[in-house]
Amino acid sequence: MRLGRCGFRRWRTHPSGFDSRAFYSPARRLWAFGPWALDWRPSIGGLAVLLAGCTVGPKYETPTTPAADIFKEATPTDYQIAGVWRPARPSDAVGRGAWWKIFGDPELDRLEDEVTASNQNLKVAEARFRQARALIGFQRAAEFPTISAGVSTASTRESANTPYFGVQNVRPEGQLQLPFDLSYEIDLWGQIHRMVSAAREEAQATAADLETMRLSLHAELALDYIELRSADAQQRLLDDTVKAYTDALRLTRNRLEGGYAPGSDVAQAQTQLATTLVQDTDIGVMRAQFEHAIAVLIGKPPAAFSLPPKPLDLRPPPIAPGIPSELLQQRPDIAAAERRVAEANDQIGIAKAAYYPSLNFNAMSGFEGNNGANWFVWPSLFWAVGTSLTQPLFDGGRLHAQSRQVQAAYDAAVATYRQTTLSAFQDVEDNLAALRILDREARQQRDAVVAAQNSLRLFTDRYAGGEDTYLNVITAQTFALTNQRNDVDILRRRMEASIRLVKALGGDWNAADLPPLKEKGLPPNSIVPTPDPR
């Protein structure tokens, strides 16, 4: 580390021709050290360098992370999709709107807007961001002098029986003081600068935490909404199945009464109907739980919220995943981890600055008197100006331990950043694979549903004609219901994979949305107002 040269030029010769260094009397030194005695331009420059100081500690560089050129689970078609949702990029000039609108469900859009306005966890995250932002102003205050004023009054009387010293005057005396104090720590080594920088980076990380919370809550609401609509679809399917099984039970009873079927057919039909009724009733538990979860997410008590049944009829929209390197700019949790690495780097600089001397400037001035008449006259003025330079010599290893602690914290922050990045890549790959595989599975399941329904129709017709047993009808009914329920469940899983993929890609957020938080000038409310005497 090299410090810039700073200081004063040599003394000049007085205009009268005398060398100022040859004078030793106070009057001559005052004359010699007059305004002409210094070349003030380099002196002021040296003072500016002194006040600016230098910054010790490592220069911050964003840690490297392992990344592939393309996503493993993405197909070439995924990169050719046009006119659909894609992640936000720094080059986007305008906002692309809320990501959940790609599903085209007005009810979901309305609920998502209520999350933004009323969710309490989101309000907590927003308050934490304001708290972190206020801490920037707290740290920046150290860049400015602290000026304070006080007033004190006292009346004292010395004891006439003071030991060892005889007191001649024991009359009470007044003491009135009005001092003004100024203190300022000169940031020689950039410690204050790094404290402000660390506070700013923590505020930016907290802003990213806020966006992570916002993204998570919106995704959670969308997932709960899909689960609820899937339950509605299952409910409708089971209701229709109960009606069909009721008709089948009626058929077996009619055949029993006509002597064409044994009583075991009726018993089997009753068992099948009762089992399906249990499944139909059980769906209500799951639906109620998701409805209650949605109510809490939008800031309402469950008793004050309800959604009318509506079976799931949405389809997964096409989603362009982008490339892995862009993901580092798209995920708010990655941005938060990176900002905390920068903060940890500043903490190393703060710990290193503690090894160097600290320079403080102090000044005090005011008036002091012993009664109101002479309190504010010129002879009552007092003042003092001075500086102090403090260098740690021995602290039992405290500074060294602190340096090791912040270095370890930095290493942990780097590892957290890299792990967050790897987890983000995994999230994208998992949901790309889920969408690709479930798309093929959905086509296969639709074929299975058609086949099961044909089988059920054939066995039912054969049983009605007395050509087959009811056991085959029961088997066909079970296969048909299982395949129909699987079809609904696969659609739910595809929709949820779409939501999770959008979340894994960062929604409509981008690192360029982080607030810069680089306010200039005095912090707001830096001057304490005088209280109103009323």
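Predicted model: local features only at pLDDT ≥ 70, side-chain atom pairs only at ≥ 80, totals over all residues.
Let me begin with Arg-331, which is buried at a relative accessible area of 7%, where buried means under 20% relative accessible area, exposed means over 50%, and partly exposed lies in between, computed with a 1.4 Å probe on protein chains only. Residues are numbered from 1 along each chain as its sequence is written, and side-chain values use heavy atoms, with hydrogens and water left out.

The side chain of Arg-331 meets that of Asp-333 in a salt bridge at 2.7 Å, N to O, a salt bridge being a side-chain nitrogen of Lys or Arg within 4 Å of a carboxyl oxygen of Asp or Glu. Asp-333, for its part, is partly exposed, with a relative accessible area of 22%.

In one of them, the side chains of Lys-300 and Glu-114 meet at 3.5 Å, N to O. Lys-300 lies in the loop between H6 and helix H7 (324-330), whereas Glu-114 lies in helix H3 (residues 106-118), so this pair ties together parts that are 186 residues apart in sequence; helices here are DSSP runs of H or I with at least four residues, numbered from the N terminus. Lys-300 is partly exposed at 33% relative accessibility, while Glu-114 is buried at 17%.

In the other, Glu-338 and Arg-339 pair through their side chains at 2.9 Å, N to O, with Glu-338 buried at 14% relative accessible area and Arg-339 buried at 15%. There is also a network, in which salt bridges that share partners join Glu-227, Asp-489, Arg-492, Glu-496 and Arg-500.

Turning now to the helices, Glu-291 sits in helix H6 (residues 263-297) and is buried, with a relative accessible area of 12%. Leaving aside residues up to four places away in sequence, Glu-291 touches Leu-228, Phe-305, Ser-306 and Leu-307, contact meaning heavy atoms within 4.5 Å.

Finally, Leu-438 belongs to helix H9 (residues 398-464) and is buried at 4% relative accessible area. With residues up to four places away in sequence again not counted, Leu-438 touches Ile-490, Arg-493 and Arg-494.

Technical notes. Helix = DSSP H or I, 4+ residues; strand = E, 2+ residues; numbered from the N terminus.
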